[in-house]
Amino acid sequence: MKELFDSVSSECSKLVTKKYSTSFSLAVNMLSPKIRTDIYNIYGFVRFADEIVDSFHDYNKELLMEHFERDYYLAKELGISLNPILNSFQQTVLKYKIPDEMVQAFLKSMKADLFKTEYQTKEEYDAYIYGSADVVGLMCLKVFVDGDDKRFNELKDAAMRLGSAFQKVNFLRDLKDDFEVLNRSYFPNINLGELDASSKQLIIDEIEADFEFAYQNGILKLPVEAKFGVYMAYRYYKRLLKKLKDVPSEKIMDTRIRISNPMKINLLARSYVKYKLNII
């Protein structure tokens with residue numbers, strides 16, 4: 001009866017997604033039903049790892065991360081875990097042959113958050129983003145193309161750029177918490193305590209270039225099963241970036257940008273019209 005346990009495990013990953021991110025849940029719900037479960041499974045894994053390093057301040061984070069990684073590899077070896085998040089994720093890894101290099105790169109960036117507080121060079125910054133965001137985009141792309149290596153290779157650069165754009169928007173949105181609560185500074189050579197308009201614009205220009213590349217070279221070429229869901233996530237983050245652009249640099253540390261539920265519904269409706277009219 002492992003099928004029942006596997007089903008319960010995937011439902012747990014779906015619940016994690018819905019509880020932690022209503023926006024991402026909305027985008028996943030726009031994917032084809034046949035790939036939603038595996039995207040939930042990926043999100044559950046990356047979300048729990050992220051929670052360890054960002055939220056569990058009253059616990060030994062290093063030990064928790066060590067156990068999380070160890071238990072994942074045990075689940076992969078045995079083909080089962082009583083941790084439903086790890087059980088569902090290892091199934092998706094096996095099903096789509098997600099390379100271990102991607103999982104290791106992700107865990108490396110998460111573990112860096114346990115001790116590294118500042119990124120002083122672009123190389124360090126790019127390596128962190130690759131592990132924390134780009135490879136997540138690549139894992140999802142493995143699901144989207146359903147094992148088609150040729151299509152994966154054609155779209156992988158765009159998937160990485162989209163992951164980078166999402167992560168950089170998160171960095172900009174979460175500046176206050178990252179800097180004041182978690183004592184982290186991701187953007188190299190930028191004094192977040194005295195962020196000026198030109199420094200902020202450099203960050204925004206970089207994000208917009210990532211978005212443009214991802215849209216033209218990836219989103220427009222995605223399989224039909226994935227295109228609308230990914231486009232919804234893209235539109236959501238583009239709207240977040242627009243709101244961040246409108247906040248003066250001297251106030252961005254004191255402002256928490258959010259997209260209201262009515263605006264999310266508005267974005268969904270307008271995006272759906274474009275999709276049905278084959279504008280995307």
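Analyst: Let's begin with aspartate 146, which counts as exposed at 56% relative accessibility. Keep in mind that this model is predicted.

User: Why does aspartate 146 count as exposed?

Analyst: Because its relative accessibility is 56%, and exposed means over 50%.

User: Where is aspartate 146 found?

Analyst: Aspartate 146 sits in the loop between α7 and α8. Its phi is near 50°, a positive value in a residue other than glycine. Most residues other than glycine have a negative phi.

User: What about lysine 97, is it buried or exposed?

Analyst: Exposed: lysine 97 has 66% relative accessibility. Lysine 97 lies in the loop between α5 (84–96) and α6. Its phi is positive too, near 55°.

User: And lysine 18, where is that found?

Analyst: In helix α1, residues 2–20. Lysine 18 is partly exposed, at 44% relative accessible area. Its C-alpha is separated by 9.8 Å from that of valine 28, ten residues along the chain.

User: Switching to α8. How many residues does it have?

Analyst: Helix α8 has 25, running over residues 149–173. From first C-alpha to last it reaches 35 Å, close to the 36 Å expected.

User: Where does α8 bend?

Analyst: At leucine 155, by about 50°.

User: Which residue caps the N-terminal end of α8?

Analyst: Aspartate 148 does. One of its side-chain oxygens lies 3.2 Å from the backbone nitrogen of lysine 150.

User: Which residues line the largest cavity?

Analyst: Ser23, Leu26, Ala27, Met232, Ala233, Tyr236, Lys264 and Leu267. Helices α2 (22–28), α11 (224–245) and α12 (261–276) each supply at least two residues of that lining. By class, the lining has six nonpolar residues, one polar and one charged.

User: What about the second largest pocket, how many residues line it?

Analyst: That pocket is lined by 13 residues. Lys108, Ser109, Ala112, Ala127 and Tyr128 lie nearest its centre. The elements giving two or more residues to the lining are α6 (100–112) and α7 (122–144).

User: How much space lies in the second largest pocket, and which classes line it?

Analyst: About 220 Å³ of space. Its lining has seven nonpolar, two polar and four charged residues.

Conventions. Residues numbered from 1 in each chain as written. Predicted model: local features only at pLDDT ≥ 70, side-chain atom pairs only at ≥ 80, totals over all residues. Heavy atoms only, no water. Helix = DSSP H or I, 4+ residues; strand = E, 2+ residues; numbered from the N terminus. Expected span 1.5 Å × (residues − 1). Bend = angle between axes of the 7 residues up to and from the residue. Polar contact = N/O pair within 3.5 Å; in protein donor to acceptor, adjacent residues only side chain to side chain. 1 Å grid on protein atoms, 1.4 Å probe; cavity = no way out; pocket = protein on both sides within 12 Å on 5 of 7 lines; lining within 4 Å. Points joined across faces, edges and corners; volume = space filled by probe spheres on them. Nonpolar A, V, L, I, M, F, W, Y, C, P; charged D, E, K, R; others polar. Buried < 20%, exposed > 50% of the residue type's maximum accessible area, 1.4 Å probe, protein only.
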